[in-house]
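Hi,

Here is the structure I said I would pass on. Have a look at it first, and then read my notes below.

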Amino acid sequence: MRKRTSLVAGALVVLSLVISGCTGGSTDGSGDDAIDAVKIGSSAVTTLDYTKSNVGYGSGLGSLMLEPLLIIDADGELQPWLAESWKQPKPTVYEYHLRDGVTFSDGTKLTAQDVVFSYDYYRGDGSANSYNFPSSLRSIEAVDDRTVRVTLNEPNAAWAVVPARSQLGIFSKAFYDANRSSFGQPGTGVIGTGPWALAEFDPTSQATLTANSAYWGGAPDIQKVDWTFFSTDTSAAIAFRSGELDVYFPDENRAFSSTAGTELIAVPGAGDTGNFVMNVLVKPWNDVHVRRAVAMALDRAALVEAWGGFAEPADYFIPPTLLQQLGTADEVKTALADVPTNAFDLNAAKAEMAASAYPEGVKVTIAVADFGDSYSNVSQAIVAQLAAIGITAELKAESSEENTALALGADRTAILAQYATYGAVSADPGDAFNYAIGSANATKGNWNGTNWSNDKVDRLIGEGFATNDPAKRLSIYAQMNNEFAVNVPSVPLFQFKETLALSDSLQWTGFDALWTSRGPWLLGITPKS
Amino acid sequence: MSAVTVTEPVGERRQLSDRWPILLFIVRRLAAMVVMLALVSFLVFSLVHLAPGNPVDALLGQKPRTPETVAALTAQFHLDRPFLEQYAIWASGALRFDFGTAIQSGLPVMTQIASRLPVSIALGIFAFLLTMIVGVGLGILAAMRRGRTADRVTTASVVVGLSTPTFVAAILLLYVFAVLLSWFPAYGKGSGGLDTLWHLTLPAIALALGSCAYVVKHTRAAMIDVLDQDYITFARARGLSRTRILLTYSLRNALIPVITIGGVVLGGLIVGAVLVEVTFSIQGIGQLLVQSAGAKDLPVIQGVTMLIGVLIISINLCADVIYMLVDPRLRLGRR
């Protein structure tokens, strides 16, 4: 019997050696071979049809194939991409002149009709991508084969950066027409003008992209992209640690960094912020003194730690990084000089509470949605900090679905105070958070969870879009920040950094907060010299 | 009169049941399956309908939306219709094997399931084989060596195996064999053939650990029970070889209860692999179900539920049929 056991054990050892021997055949992108195949990861992308799901462009995968008309450079300036030039003949008209000689990866020529069709497809009813187009957009038309004209019903300064959005990559109309029912799906995919073309797409595991040798900007150095879909950041971190992944954009930064055993590259973010949001329709948040007390009782630096780091304390509703689209850092600083920051000051916070209708303190309920551990951690820290000024808070757990349903529901009083992330949906400072402010958005189906606004803010929203003058717009948004700082419907807590895990064999010198507005971003990654 | 009317059909039934006992059994179970699936589909549809949230909100995410887009998607997925009408629309499609389109991905539900089913089945069968081979082997070993070191070690291992949550085993295996030793890949399903086998080895071991301990426990108990029978003692007294006693007299009888739990184990392994799938980033059926439930993607939830229902019922049916084949008393309708 012992002999037989030994035989079985021996067989298992041989089997494991045979199996482990297979590891030698795996691709290894380290060292000199890195330029031939780069291994990138993201959460699963189910379709590359941007009207069906926004994960395709959110992951950065689609941008390698579908290119925008314009890009935004490191200084925040618009630069030509598929459009070699553009002009604004009237306040409501923009014309884009396409680059000559651009072809799709199947060899067909890019025309203005492709651009018009792509934009019309993205903004159609039922499209998950339609939010990128302002309601003032009247028409998009092809003037000739290389000229696209966009007409607005009224001036809208925020339109200028719309053609630079990664969500609006141009695809081949002819390819769509030939594959209407399966466009963007596995087996069909998409055809764009980008430096890489889709070779294989399996939403359950991976996508493979190969270099587009006829790319208008010259054949890319990276010959192949192996894009793997991960279930969790943890799985990706383990893959990164074991050398099976070169590039990853984590969500849970601290946990990823620890598990992957790597230092993340972190740069100042573009505008996404974490906020404590109070619904002014319900007590005690309808009392401005309570809201001001909350703002001054929250220690931003400690909350950054609770969040897990990779963020900077924030002072303003519209962050200065976004306002720098309209002026230099000094100009922005000057414009914001008189705007109160409601800095952490417990004595001042207690004085505000004493002046409120609740001088003896108050009990409140704060919602915490299951968007991740960081949300829970920061919510608990907020509860602890509010206790110092007599606000006894109880956390109420909500599923993300329930939280979203309440936030968008018709009963606006049902929205609880909570920590919430405001994602900047545009590089334009007026448009970035436009969806979450103003009276029009304090209604069913919209995202103003504070339900606060006033006449001045509503007026400023309109004025900010009506002019193209950067100085005027900067002044308008500084005034808007002032209104938010004085009335405190929400407390800006911190601004997220943009993070990246990058293999030691690679470098990305131009990585910054606007990397998604730079077209096929992978062109910026090169082997480390 | 009453004696005739009662006796004749029973007599016919007995004849039919004697001739085709297994066939009759299968037909009955399949009929029950249809009723069961209809009930389950309605129940799941109702529960998803009652749960908070809205699939359109889940689809559009934390992004701005236009009223036109919300209205178009609501109409597209029939969310503006009364509850029973929504169910009727789904059921009429399901009867034609058209389970609709996934809300989240826009892909046909059947396509999405078909793309994920092979890896789930491969993982389930791999884990099942490990479970049965190792579990039955160790169970027999422990029974044959009752009270000795091998039995004690095996019994202690069973306690550890049963007490270890699958996700803990998965993370431990992942860390040791994929990260520290780099013997196995850390994620994914591989590119087919040996590569897939190699990728699924750690997940299958993690998945098999608990069920393997369960099988060891049952096999050991069943085997000890059989070994204590008089006919085994008599076989030994007749001087039959150990191998013959083991294979011909002990194993066949001892395996009957093990076969019964085998069906339950296989069903559990195929559909219960969610945590292992997440840990090893294997996009299987379990993970699809969890993602769809989070997004209230009703067509996918219904499609996967039906699939799981069919799988569980079919596997149990197969186990029962094998049980009947192995034990003639059941086949002949006697107890």
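A quick term first: a salt bridge here is a side-chain nitrogen of Lys or Arg within 4 Å of a carboxyl oxygen of Asp or Glu. Between chain B and chain A the count is one salt bridge. It joins the side chains of K189(B) and D202(A), at 3.2 Å from N to O.

Keep in mind that this is a predicted model: local features need pLDDT of at least 70, side-chain atom pairs count only at pLDDT 80 or more, and totals for chains, interfaces and linings use all residues. Residues are numbered from 1 along each chain as its sequence is written, chains are lettered from A in the order in which they are written, and side-chain values use heavy atoms, with hydrogens and water left out.

Now the interface. Chain B puts 44 residues into the contact and chain A puts in 47 (contact means heavy atoms within 4.5 Å). Together they bury about 3,800 Å², with 63% of it on carbon and sulfur atoms; buried area is the accessible area (1.4 Å probe) that two parts lose on being put together, summed over both.

Within chain A, strand β14 (residues 362–369) and strand β15 (residues 391–398) run parallel and pair over eight bridges. Strands are DSSP runs of E with at least two residues, helices are runs of H or I with at least four, both numbered from the N terminus, and two strands pair if DSSP finds at least two bridges between them. A369(A) has E398(A) in β15(A) as its bridge partner.

Cheers
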